[in-house]
Amino acid sequence: MGVYRGITQDNVTLNKGTAYSLDLVTPSIGGTTLDATAAEINAVADTSARLVAASAATLAVTAAAHDGKIVVFDRAAGVVATLPAATGSGAVFRFTVKTLVTSNNYVIQVADNTDVMSGSLFVTDQAAGTGTEFSTTATSDTITMNGSTTGGLAGGILTLVDVAANLYAIHGNIVATGVEATPFSAAV
């Protein structure tokens, strides 16, 4: 009995369109070899787990479990989410609030005191329909949403991108009530 080595079918035409090479050993499209692994393709194409619930007191954010996903804060008693060390991986972490935080806070913090965040968040006052944009400082490493003036109400979305060693880019908007205040601090 022979050893299975894959199937090669050249010049497959789909929908009267471009001819594609179907090689199950070395897949390619239009003559370009695919470098992505099946796991990488599945991570991008699988929409069944795009939302990740954060319903425990702490969350250790990882690229494997959270890159490209939306972490949904869903615990009235607050959640502390700790990002992985910034290395320049390009990992994208998104956060939103489902459940109003009523005690403690929703906190997003860097892994250690060498990482910082750079960018801004627009804080919207839900009651007044107004908003203020707050920028980071050179030492910002923590976002705190307190359920009032610094966010923590349902809605909004913020994004952090691991852009370089020790640096996360941040942008987005969060929902607050009362006179808006900066959610940024240097607390790690």
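In soluble globular proteins, nonpolar side chains tend to be buried together.

The model is predicted: local features need pLDDT of at least 70, side-chain atom pairs count only at pLDDT 80 or more, and totals for chains, interfaces and linings use all residues. Residues are numbered from 1 along each chain as its sequence is written, and side-chain values use heavy atoms, with hydrogens and water left out.

The protein contains two helices and 16 strands; helices (H or I, at least four residues) and strands (E, at least two) are DSSP runs numbered from the N terminus. Of its 188 residues, 31% count as buried, where buried denotes under 20% relative accessible area, exposed over 50%, and partly exposed in between (1.4 Å probe, protein chains only). Among contacts between residues at least 6 apart in sequence, 62% join residues at least 24 apart, a contact being defined by heavy atoms within 4.5 Å.

An open sheet of five strands has the order E6-E8-E10-E13-E16, with mixed pairing. Two strands pair if DSSP finds at least two bridges between them. Strand E6 (58-60) and strand E16 (184-185) form the edges, each pairing on one side only. E6 pairs with strand E8 (residues 79-82) in the parallel sense over three bridges, and Leu59 stands opposite Ala81 in E8. E10 and E13 run antiparallel and are joined by four bridges; Ile143 in E13 is the bridge partner of Ile108. E13 also pairs with E16, in the antiparallel sense over two bridges, and Ser185 in E16 is the bridge partner of Thr142.

In a regular strand the side chains alternate between the two faces of the sheet. Both faces of E13 are covered, with Thr142 and Thr144 buried on one side and Ile143 and Met145 buried on the other. Ile108 touches residues beyond four places away in sequence that include Phe73, Ala81, Phe95, Met117, Ile143, Met145 and Leu158.

A search of the whole structure finds three aromatic pairs. Rings of Phe, Tyr and Trp (its six-membered ring) pair if their centres lie within 6.5 Å; planes under 30 degrees apart count as stacked, over 60 as edge-to-face and the rest as tilted. Phe73 and Tyr106 form a stacked pair, at 4.6 Å centre to centre with 15° between the planes. This pair links distant parts of the chain, with Phe73 in strand E7 (residues 70-73) and Tyr106 in strand E10 (residues 106-109), 33 residues apart. Both Phe73 and Tyr106 are buried. Phe93 and Tyr168 form a tilted pair, at 6.4 Å centre to centre with 55° between the planes. Here Phe93 lies in strand E9 (residues 92-97) and Tyr168 in strand E15 (residues 167-176), 75 residues apart. Phe93 is buried, with a relative accessible area of 1%, and Tyr168 is buried at 0% relative accessibility. Ring pairs also link Phe73, Phe95 and Tyr106 into a cluster.

Two loop positions were also examined. Ser140, in the loop between strand E12 (130-135) and E13, is buried, with a relative accessible area of 2%. The side chain of Ser140 reaches the backbone nitrogen of Thr137 at 2.9 Å. Beyond four places away in sequence, Ser140 touches Val116, Met117, Phe184 and Ser185. Asn113, by contrast, is located in the loop between E10 and E11 and counts as exposed, at 62% relative accessibility. The C-alpha atoms of Asn113 and Asp141 are separated by 7.8 Å, although these residues are 28 apart along the chain.

Notes: Polar contact = N/O pair within 3.5 Å; in protein donor to acceptor, adjacent residues only side chain to side chain.
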